[in-house]
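I will write down each item as I find it.

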Amino acid sequence: MSRPVVVQVAGLAREYRHGKFPVTALNGVDLTVSKGEVVGIVGPSGSGKTTLLNLIGGLDRPTRGSVAVDGVDLGRLDDGGLADYRLRKVGFIFQFYNLIPALTALENVELPMSLAGVPKLERAERARALLKTVGLEGRSGHTPEELSGGEQQRVAVARALSNDPSVILGDEPTGDLDSKSAEALMGLIASLRDARQATFILVTHDPIVVARCDRSYSVRDGKIIRQIAKGEGDKLADNQRSMMDGLY
Ligand SMILES: Nc1ncnc2c1ncn2[C@@H]1O[C@H](COP(=O)(O)OP(=O)(O)OP(=O)(O)O)[C@@H](O)[C@H]1O
Ligand SMILES: [Mg+2]
């Protein structure tokens with residue numbers, strides 16, 4: 001039985017204008033991601049990875065091509081529709097976690113539900129359950145500064161899941177983590193995929209992430225130039241990250 005397609009990207013292009021000079025950030029990307037897949041995007045700096053993620057996340061609009069999520073073409077949504085899409089259909093995780101410093105872990109997880117109009121009791125209950133899922137039930141009253149980087153990123157994952165999105169987008173989610181915390185985060189992501197068919201697209205420079213993705217794509221000059229199979233990623237992980245860690 002084939003899984004439902006969650007994200008369908010076709011002929012996606014984005015040009016930015018810098019005075020007279022157009023910059024082609026993305027130049028015709030096709031990508032299909034099905035429910036319960038963890039897909040990686042790798043590539044050199046400036047190759048268009050964040051641009052691609054922003055377009056899928058409805059943070060930006062393409063110059064050409066289309067993004068459809070759960071069969072809805074984002075190009076058909078007005079600005080309000082796109083804001084609603086970002087709130088309900090997508091979860092975001094970032095390199096530096098982007099938690100609200102003045103709020104506790106529990107309140108951070110509640111926030112997107114609050115914006116979506118989920119009643120107080122229900123959102124507190126769901127936030128507690130999500131913190132338990134990410135292994136942080138004992139930390140719900142802590143503010144971000146009282147948590148380690150790995151813990152903050154797990155709160156960010158719980159927050160990303162709070163409105164039960166169709167897809168979770170991560171831009172360098174392990175970029176600020178040591179390799180042990182990166183492994184733990186990817187273990188959590190794999191368990192969310194297996195337990196609740198969560199779908200992830202992760203932009204990364206980290207071989208640990210590539211190793212844990214079901215498949216990855218290499219982007220260069222705004223195009224996907226090849227697919228990286230799972231086994232290939234495993235070899236990468238053994239070498240590069242341990243060499244990096246040896247330097248500290
Ligand atoms: N808002 C913008 N205005 C103009 N040019 C932009 C804008 N955003 C990105 N670009 C350009 O588009 C290209 C792709 O940028 P993008 O941020 O997608 O790269 P990236 O692959 O995420 O790089 P990195 O690994 O450094 O994060 C770059 O040449 C960048 O300078
Ligand atoms: Mg980027």
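The entries below go from the strands to the ligand and then to the helix.

**Conventions.** I note that this is a predicted model, in which local features need pLDDT of at least 70 and side-chain atom pairs count only at pLDDT 80 or more, while totals for chains, interfaces and linings use all residues. Residues are numbered from 1 along each chain as its sequence is written, chains are lettered from A and ligands numbered from 1 in the order in which they are written, and side-chain values use heavy atoms, with hydrogens and water left out.

**Strands.** I looked up strand E1 (residues 5–18) and strand E2 (residues 21–34), which run antiparallel and are joined by 11 bridges. Helices (H or I, at least four residues) and strands (E, at least two) are DSSP runs, numbered from the N terminus, and two strands pair if DSSP finds at least two bridges between them. Val9 has Leu31 in E2 as its bridge partner. E1 and E2 form a hairpin with 2 residues between them, and Gly19 in that turn has a positive phi of about 60 degrees. I then found that E1 also pairs with strand E4 (residues 64–69), in the antiparallel sense and over 5 bridges, with Ala10 opposite Ser66 in E4.

**Ligand 1.** Which residues come nearest to ligand 1? Of the 13 residues around ligand 1 (a heavy atom within 4 Å), they are Ser45, Gly46, Lys49, Thr50 and Thr51. I looked next for polar contacts, here pairs of N or O atoms within 3.5 Å. An oxygen atom of ligand 1 is 2.8 Å from a side-chain N or O atom of Thr50, one is 3.0 Å from a polar backbone atom of Gly48, and one is 3.3 Å from a side-chain N or O atom of His205. The protein covers 62% of the 640 Å² of accessible area that ligand 1 has on its own, by the Shrake-Rupley method with a 1.4 Å probe. E1, E2 and helix H1 (49–56) are the elements that give two or more residues to the shell, and H1 gives the largest share, 3 residues.

Methods
Polar contact = N/O pair within 3.5 Å; in protein donor to acceptor, adjacent residues only side chain to side chain.
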